[in-house]
Amino acid sequence: MTVRSGSPGWYLRRLSRMGPREVGGRVGDAVRRRWWRSARPDCPDVTGARFTAVLPAGTLATVPPDAAKRLIAEADRLMAGHVEYFGVDRDDLADPDWWYDPKTGRRAPWGYAFDVPYRDEEVVGDIKQIWELSRHQYLTVLAAAYALTRNERYAERVAEHLRLWWAANAPLRGVHWISGIELGIRLLSWVWVRRLLDGWPGAAALFEDNPVARNQIWHHQRWLAAFPSRGSSANNHIVAEAAGQSAAACAFGWFPSSARWRDDALRSLERHLRSNTFVSGLNRELASEYHGLVLELGLAAVAEADAADVPVPPTVRLVLLRMTDALAAVVDDRLRPPRQGDADDGHGLVVDGAGTDRWGSLLATGDAVFGRLDWWPAVTGTDVRTPLLAALIRPYAKDGTPPALPRPAQRPDHFADAGLTILRGPSKIWCRCDGGPHGFLSIAAHAHADALSVEVRHDGVDVLADPGTFCYHGQPEWRQYFRSTLGHNTLELDGEDQSVSGGPFLWARHARSRVLVADTSDKGVARWSAEHDGYEPSVHRRRVELTAASQELRVVDEVRGPRRAARLAFHLGPTIVADLTGSRAVLTWTRDGEERSAVLDLPGQLNWRAHRGETEPPLGWYSAGFGRKEPSTTLVGTGFADGAGLSGEFTTVLRFD
């Protein structure tokens with residue numbers, strides 16, 4: 001069943017996932033929104049505002065030439081008016097319409113911000129398309145190009161667009177004053193724009209000497225102080241809000257409330273970084289891209305505090321250290337993390353050009369700030385952001401933070417609190433096994449119904465793939481498919497998802513999983529087993545074994561309970577060609593010009609069909625990034641699972657040549 005956000009049924013389900021404290025807070029927010037409709041105070045008059053959070057001398061000279069070249073090429077593309085967001089090319093960036101959605105052709109309505117029905121694509125358009133441009137991360141790229149080249153045309157374009165945006169988006173008017181994460185990331189972008197424009201003659205006139213800029217910055221911070229994400233919504237959004245607020249209060253500390261905003265935001269950042277992160281260091285949303293987003297935001301916030309000589313709660317650095325080590329542990333041989341949960345291509349700070357590896361960049365920054373461990377994978381790429389952040393952040397060993405728990409002496413394979421296990425084999429075989437919680441908080445907004453799913457790569461190539469996310473709003477049938485049980489490499493019973501959806505970012509009932517075995521100590525055979533209760537009274541149990549000598553992955557699915565209709569799905573990566581005959585599929589692909597292959601022997605009790613690029617209903621798709629999808633092959637076996645007989649156990653064997 002598809003439930004649209006904003007429908008009466010959705011509101012009832014959403015309310016049911018809130019506790020009394022959250023309900024009270026949201027009632028207070030509603031009252032405040034009504035009051036703010038007519039009460040919009042002016043920014044306090046300040047004199048003598050100065051920006052002092054500049055980069056240390058010599059920092060720009062440490063940027064690797066190839067990273068600078070990529071950045072400047074990206075900046076020149078932006079100057080020519082071209083940008084791509086979520087699979088949609090825009091050519092209007094020379095003179096952008098801040099409320100226009102190029103995907104649907106719709107334009108968001110004007111009016112009091114909290115009256116805009118931003119979840120309704122028929123009225124507003126695709127809100128992600130509209131919001132992305134106004135995160136102003138393309139302006140940080142242009143500002144970085146100015147910093148590296150001293151070519152004033154980049155700075156002049158930045159100044160022109162900021163003045164246009166400020167004039168067109170008065171405080172509390174329109175679609176860009178609705179969501180706290182947007183305001184937080186935008187503030188962070190403005191801080192870096194001002195820093196990177198330092199030395200340009202017009203920088204002070206654009207920011208600290210400009211009453212319009214000061215008014216915008218003050219109203220952004222006032223908004224964030226008044227409307228924090230609450231309770232069941234306190235996921236990556238609250239981290240972005242706190243990071244942006246603390247960064248702006250440190251760098252633009254010009255207002256009577258700046259010290260209070262800064263201290264409150266740093267306390268919020270500390271509290272929510274801890275609550276959003278498992279002790280093992282993995283993000284509790286169990287969505288790898290949000291792990292990256294939160295880590296970027298946390299590092300950027302620490303950079304601003306250190307630049308302003310403001311003490312940071314010690315646990316902030318400890319959490320960021322654990323997150324960095326966890327990221328180094330889970331990536332494959334090409335530095336790609338799991339494709340788990342939602343992914344929307346969100347970034348905390350962008351100062352790099354196309355072709356820069358996000359995960360290599362984060363690991364490079366982790367090396368500069370925390371120091372790499374011997375087992376970390378090698379990072380061969382370069383980036384602009386690492387030397388800039390490293391110039392501002394105090395090295396971990398010198399910042400006065402009390403010693404943390406010992407860092408892992410060997411590369412972790414099993415993250416018990418997150419229920420995530422990585423099995424590694426010869427020839428760069430990488431297998432993620434999922435036996436963890438169904439997302440974070442009561443709504444598990446960014447979770448997928450993927451309990452016990454596996455994801456298998458060979459030398460970084462998706463063989464058994466997690467199909468991804470593709471969309472959030474506006475296309476409910478696609479949103480439902482990409483986060484469904486059938487949309488993952490696991491077993492579906494009776495045509496239902498393991499967890500029950502209550503809306504595009506709401507799960508009304510969560511399947512509970514538990515890991516039974518996670519043994520990677522034997523270098524000959526790595527073993528994993530887990531089960532979940534999403535199909536009560538039946539129990540789905542899965543065993544996975546990776547044998548090094550034979551390069552064989554064996555997956556055994558067992559259903560305990562009454563006879564039920566079953567569908568077992570295996571989604572192949574977009575570069576995999578499959579030749580299915582009966583219950584055997586021969587898989588072929590090319591990597592670096594070399595032909596490679598594997599054989600997938602599927603359970604003979606099921607009837608197997610290959611599906612590719614189907615739309616009614618969706619099946620056989622892969623989304624490499626938000627807003628983008630391409631046909632891929634999905635193998636689906638149908639039949640019955642009977643806990644009383646042999647049909648209740650299905651064995652799949654993947655052998656690499």
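Rings of Phe, Tyr and Trp (its six-membered ring) are called a pair if their centres lie within 6.5 Å; planes under 30 degrees apart make the pair stacked, over 60 edge-to-face, and the rest tilted. With that in hand, welcome to the aromatic side of this structure. F51, W165, W166, W190, F207, F252, W254 and F255 come together in one aromatic cluster.

A word on the ground rules. This is a predicted model, where local features need pLDDT of at least 70 and side-chain atom pairs count only at pLDDT 80 or more, while totals for chains, interfaces and linings use all residues. Residues are numbered from 1 along each chain as its sequence is written, and side-chain values use heavy atoms, with hydrogens and water left out.

**Rings and charges**

The count of aromatic pairs is 26. One of them joins Y112 and F114: the ring centres are 5.6 Å apart and the planes stand at 75°, so this pair is edge-to-face. Y112 is buried, at 5% relative accessible area (buried means under 20%, exposed over 50%, and partly exposed in between, with a 1.4 Å probe and protein chains only).

A charge sits over a ring if NZ of Lys or CZ of Arg is within 6 Å of the ring centre and within 35 degrees of the ring normal.

| Arginine | Ring | Distance from ring centre |
|---|---|---|
| R32 | F227 | 5.7 Å |
| R483 | W507 | 4.2 Å |

A disulfide is a pair of cysteine sulfur atoms within 2.5 Å, and the count here is zero. For C43, the nearest cysteine sulfur belongs to C250 and is 18 Å away. The sulfur of C433 has its closest cysteine sulfur in C431, at 3.9 Å, which is too far for a bond. Both C43, at 17% relative accessibility, and C433, at 0%, are buried.

**Backbone details in the loops**

Helices (H or I, at least four residues) and strands (E, at least two) are DSSP runs, numbered from the N terminus. A cis peptide bond links E536 to P537, with omega about 10°, and P537 sits in the loop between β12 (525–532) and β13 (539–547). The bond from E616 to P617 is also cis, with omega near -5°; P617 belongs to the loop between β20 (614–615) and β21 (618–619).

D345 is not a glycine, yet has a positive phi of about 60°. D345 lies in the loop between α14 (314–330) and α15 (358–370) and is buried at 18% relative accessibility.
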